[in-house]
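This report describes the fold and selected local features of one protein chain. The sequence and coordinates are shown first, and the description follows.

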Amino acid sequence: MDKRVIDLAEMGILDNVFHKRNMHQLSQQGGIVFLFDRFGELLYIECVTSRLEASIYKYQKEMEFIGMIHLEGSASSLEAIKTMLTQAYYPKASHSHPVIQTVHSGCVVRVPSDGTDGNEKDMLTIEEEVVHRIYAPFMDSDRAAHKLNISVDTLFFYCQHLIYSGYSFRKDLHRRYVFLEEDLDLLEVFINLLEREVPLKRAAKEAVKLTNKFGVKEALRLSKFSPGHAH
């Protein structure tokens, strides 16, 4: 039997997931926290009544990303909700279940292990298995990669940065991502900016900003010139 993948990002359960170094951006209010590893797979679900950092300190080495649902209630009621969610989503460290894998596709797939930003283009050597696992719902990826003259893995890597920068891909009736022509235009804008030696993160944000402001066709034309026009 194929493993069933539950994507919490697609389900809208956690709108924002932060890297652990940005944990200060999460509210200190009580609720339920979801802890993910560096591949975006759910590790633990925990209750938090106060002091978020102290509550998850014991997981610092294993977890890479964290998301939170803010809930009010007694410690016992939060614990009951945690139990329900754990039984529903089977965190990797809590259960051994053969057919359910819970992920969050909004997590960055790979972070440099030495604690530095590193050369972002070197990150294109991302693990193939992880990339395909998270972006398997994309349709027509082979055709899109061929048209853009890039590998499928690079295509998925670029898509992740565009999603993280605010771009949304369309979904069909089966909730699978579909590449439309405007998506390919946006990806070409992104590639044009990268070819002008714009840093990867800036290029992703710039491509989304250009497209939202001028439309994909004009953004495609502008991206062949100066990358500083949208500021």
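Strand 3 and strand 4 form a hairpin with five residues between the strands, and within it Gly40 takes a positive phi near 85 degrees. Helices (H or I, at least four residues) and strands (E, at least two) are DSSP runs, numbered from the N terminus, and two strands pair if DSSP finds at least two bridges between them. The model is predicted: local features need pLDDT of at least 70, side-chain atom pairs count only at pLDDT 80 or more, and totals for chains, interfaces and linings use all residues. Residues are numbered from 1 along each chain as its sequence is written, and side-chain values use heavy atoms, with hydrogens and water left out.

**Overall composition**

The secondary structure of the protein comprises nine helices and eight strands. Of its 231 residues, 48% count as buried, where buried means under 20% relative accessible area, exposed over 50%, and partly exposed in between (1.4 Å probe, protein chains only). The accessible surface comes to about 12,500 Å², and 50% of this belongs to carbon and sulfur atoms; accessible areas come from the Shrake-Rupley method with a 1.4 Å probe, and for residues only the protein chains shown count as cover. Among the contacts (heavy atoms within 4.5 Å) in the protein with a separation of 6 or more, 69% are accounted for by residues 24 or more positions apart.

| Strands | Sense | Bridges |
|---|---|---|
| Strand 2 and strand 5 | antiparallel | three bridges |
| Strand 3 and strand 4 | antiparallel | six bridges |
| Strand 3 and strand 5 | antiparallel | six bridges |
| Strand 1 and strand 6 | parallel | four bridges |

Val17 has Gly67 of strand 5 as its bridge partner. Val33 stands opposite Met68 in strand 5, and Leu35 stands opposite Tyr44 in strand 4. Strand 3 is largely enclosed by the rest of the structure, because six of its six residues are buried.

**Strand 1 and strand 6**

In the parallel pairing of strand 1 (residues 4-7) with strand 6, Val5 has Gln101 of strand 6 as its bridge partner. Strand 6 (residues 100-103) directs Ile100 and Thr102 one way and Gln101 and Val103 the other way, and all are buried.

**Helix 6**

Helix 6 is largely enclosed by the rest of the structure, because eleven of its 13 residues are buried. The buried residues include Val152, Asp153, Phe156, Phe157 and His161.

Thr154 has its place in helix 6 (residues 152-164). It is buried, with a relative accessible area of 14%. The side chain of Thr154 makes a polar contact with the side chain of Ser151 (2.8 Å). A polar contact is a pair of N or O atoms within 3.5 Å; within protein, one must be able to donate a hydrogen and the other to accept it, and residues adjacent in sequence count only if both atoms are side-chain atoms. Just after helix 6, Gly166 takes a positive phi of about 110 degrees.

**Asp183 in helix 7**

Asp183 is placed in helix 7 (residues 181-195) and is buried, with a relative accessible area of 2%. Leaving aside neighbours within four places in sequence, Asp183 is in contact with Tyr167, Phe169 and Val178.
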